[in-house]
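Let's take a walk through this structure together, one piece at a time. Keep the sequence and the 3D view open as you read.

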Amino acid sequence: MDRAQLPVSLLEAALGVVLILAVVLGVAVGVPAPDTREPQLEAYAEDAATILANEPPEHQNATRLAEIVASEQSFQRERGALRARTDEILPDNVMFRVETPHGDVGFPVPGNVATGEATITTSRGAVTIRVWFV
């Protein structure tokens, strides 16, 4: 009794077609891109915090941030300059909020957006910078 056998070359051709279709489908559908919004926002927040933490003060203390958190009076005096400087540092499509022990500068943080955050500790308290895309 003879058994029916597929020729090996026909089987190889079928496997080749399946492999080619799998590769084409993989290229056509692609791989979903990773969400880069939060890491990018974290980088923006860290950069802004680092720049502000290393800038010289306008009047006294060691740095701009140390001057801002030194007292309620110094915060009120420097809040406009802090807002303007933070706005200069960050890209135009990024909103921000700088939170200090004496008050906040910037915009209210929306509840439904990805944010980045960085905190710098000074001798008088912590300063937190939150950023998000417009």
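Start at Glu 42, which you'll find in helix H2, the stretch covering residues 37-54. Keep in mind as you look around that this is a predicted model. Is Glu 42 buried, partly exposed or exposed? Its relative accessibility is 33%, so Glu 42 counts as partly exposed.

Now hop over to helix H4, residues 72-89, and look for Arg 77. With a relative accessible area of 40%, Arg 77 is partly exposed. Which side chain does Arg 77 meet in a salt bridge? That would be Glu 78, with 3.0 Å from N to O.

E1 takes in residues 94-100, and six of its seven residues are buried, so the strand is largely enclosed by the rest of the structure. What does E1 pair with? One partner is strand E2, residues 103-106, which lines up with E1 in the antiparallel sense over four bridges. To get from E1 to E2, the chain makes a hairpin through two residues. If you want a pair to look for, Val 98 stands opposite Val 105 in E2.

E1 has another neighbor in strand E4, residues 125-133: six bridges join these two, and they run antiparallel. Here the pair to find is Arg 97 and its bridge partner in E4, Arg 130.

Arg 97 forms one with Asp 104, and their closest N and O atoms are 3.0 Å apart. Arg 97 has 18% relative accessibility, so it counts as buried; Asp 104, with a relative accessible area of 30%, is partly exposed.

What about Arg 130? Its salt bridge is with Glu 117, where the closest N and O atoms are 2.3 Å apart. This pair links distant parts of the chain, with Arg 130 in strand E4 and Glu 117 in strand E3, 13 residues apart. Both ends are partly exposed: Arg 130 has a relative accessible area of 24%, and Glu 117 has 34%.

Elsewhere, salt bridges that share partners tie Glu 55, Arg 64, Arg 85 and Glu 88 into one network. How many salt bridges turn up in a search of the whole structure? The count is eight.

For a last stop, go to the loop between E2 and strand E3 (116-122), where Val 109 lies. Val 109 has a relative accessible area of 33%, so it is partly exposed. From there, look across to Trp 132. In sequence, Val 109 and Trp 132 are 23 residues apart, yet in space their C-alpha atoms are separated by 8.1 Å.

Conventions
Residues are numbered from 1 along each chain as its sequence is written. This is a predicted model: local features need pLDDT of at least 70, side-chain atom pairs count only at pLDDT 80 or more; totals for chains, interfaces and linings use all residues. Side-chain values use heavy atoms; hydrogens and water are left out. Buried means under 20% relative accessible area, exposed over 50%, partly exposed in between (1.4 Å probe, protein chains only). Two strands pair if DSSP finds at least two bridges between them. A salt bridge is a side-chain nitrogen of Lys or Arg within 4 Å of a carboxyl oxygen of Asp or Glu.
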